[in-house]
Amino acid sequence: MSDRCPHQGGPLSKGLLTGFVSSAEPGEYCYSRKGEVIRCPWHSWEYDIRTGKSWCDPRRVQVRRFDVSVEAGARLVEGPYVAETFAVSIEDEYLVVTM
């Protein structure tokens, strides 16, 4: 997804990655979807990191999304373009890119 908040262009990469809090009644809280909501550091607007949609107005406000895929290295270098590659590993629940 884009690094720009659609509200006023805040840097989402500097925002807090959090979850969703819901409540069926006063005093009862449920925290779900841990790590799936990004909060803009400027004005705290929140977006679903899977869809880019805003929590306050999902039909009208959303962060621009980009499709991503993983290809074998040989496929990336075919043709007129040469892709820059980086070493990648998985550590616990993290994907680590060594630059």
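Helices here are DSSP runs of H or I with at least four residues, strands are runs of E with at least two, and both are numbered from the N terminus. Counted in this way, the secondary structure of the chain comes to one helix and five strands, and along the sequence these follow the pattern β-β-β-α-β-β.

Before I go further, a word on the basis of the values. This is a predicted model, in which local features need a pLDDT of at least 70 and side-chain atom pairs count only at pLDDT 80 or more, while totals for chains, interfaces and linings use all residues. Residues are numbered from 1 along each chain as its sequence is written, and side-chain values use heavy atoms, with hydrogens and water left out.

On burial, I call a residue buried under 20% relative accessible area, exposed over 50%, and partly exposed in between, with a 1.4 Å probe and protein chains only. On that scale, buried residues make up 16% of the 99 residues in the chain.

Let me turn to the sheet. Strands of a sheet pair through backbone hydrogen bonds, either parallel or antiparallel. For a pair to be counted, DSSP has to find at least two bridges between the two strands. What we have is an open sheet of three strands in the order β1-β2-β3, with antiparallel pairing. Because β1, residues 16-25, and β3, residues 46-48, each have a single partner strand, they stand at the edges, and one side of each is left without a neighbour in the sheet. Neighbouring strands of this sheet are turned by 55° against each other on average, with direction ignored; the axes behind that angle are lines fitted to C-alpha atoms, for helices over the stretch in contact, and angles between N-to-C directions run from 0 to 180 degrees.

Within the sheet, β1 and β2, the latter covering residues 28-39, pair in the antiparallel sense over seven bridges. Leucine 16 stands opposite arginine 39 in β2, and leucine 17 has isoleucine 38 of β2 as its bridge partner. The hairpin of β1 and β2 has two residues between the strands, and there glycine 27 takes a positive phi near 85°.

Which residues of this part carry the salt bridges? Side chains of opposite charge can pair when their charged atoms come close. The criterion used is a side-chain nitrogen of Lys or Arg within 4 Å of a carboxyl oxygen of Asp or Glu, and the structure holds six such salt bridges. One of them joins glutamate 36 and arginine 33, with the closest N and O atoms 2.7 Å apart; glutamate 36 is partly exposed at 23%, and arginine 33 is partly exposed at 23%. In another, the side chains of glutamate 46 and arginine 39 meet at 2.9 Å, N to O, where glutamate 46 is partly exposed at 23% and arginine 39 is partly exposed at 25%. A further salt bridge brings together arginine 50 and aspartate 48 at 3.8 Å, N to O, and here arginine 50 counts as exposed at 53%, whereas aspartate 48 counts as buried at 6%. Salt bridges that share partners join Arg33, Glu36, Asp48 and Arg50 into one network.

Next, the aromatic side chains. Rings of Phe, Tyr and Trp, the last through its six-membered ring, pair if their centres lie within 6.5 Å, and planes under 30 degrees apart count as stacked, over 60 as edge-to-face and the rest as tilted. The structure holds one aromatic pair. The rings of phenylalanine 20 and tryptophan 55 have centres 4.4 Å apart and planes at 20°, so this pair is stacked. Because phenylalanine 20 lies in strand β1 and tryptophan 55 in the loop between β3 and α1 (73-76), the pair ties together parts that are 35 residues apart in sequence. Phenylalanine 20 is partly exposed at 28%, and tryptophan 55 is partly exposed at 31%.

Finally, the other strand pair. β4 and β5 pair in the antiparallel sense over five bridges, and tyrosine 94 in β5 is the bridge partner of glutamate 91. Their hairpin has two residues between the strands, and aspartate 92 takes a positive phi near 55° in it.

A nonpolar patch on the surface is formed by Phe86, Val88, Ile90, Leu95, Val97 and Met99, with about 680 Å² of accessible area together. Patches are made of residues with over 30% relative accessible area and no salt bridge, joining like charges within 9 Å and nonpolar side chains (Val, Leu, Ile, Met, Phe, Trp, Tyr) within 5 Å, and the areas come from the Shrake-Rupley method with a 1.4 Å probe, where for residues only the protein chains shown count as cover. Strands β4 (87-91) and β5 (94-98) each supply at least two residues of the patch. Valine 88, found in strand β4, is exposed, with a relative accessible area of 51%.
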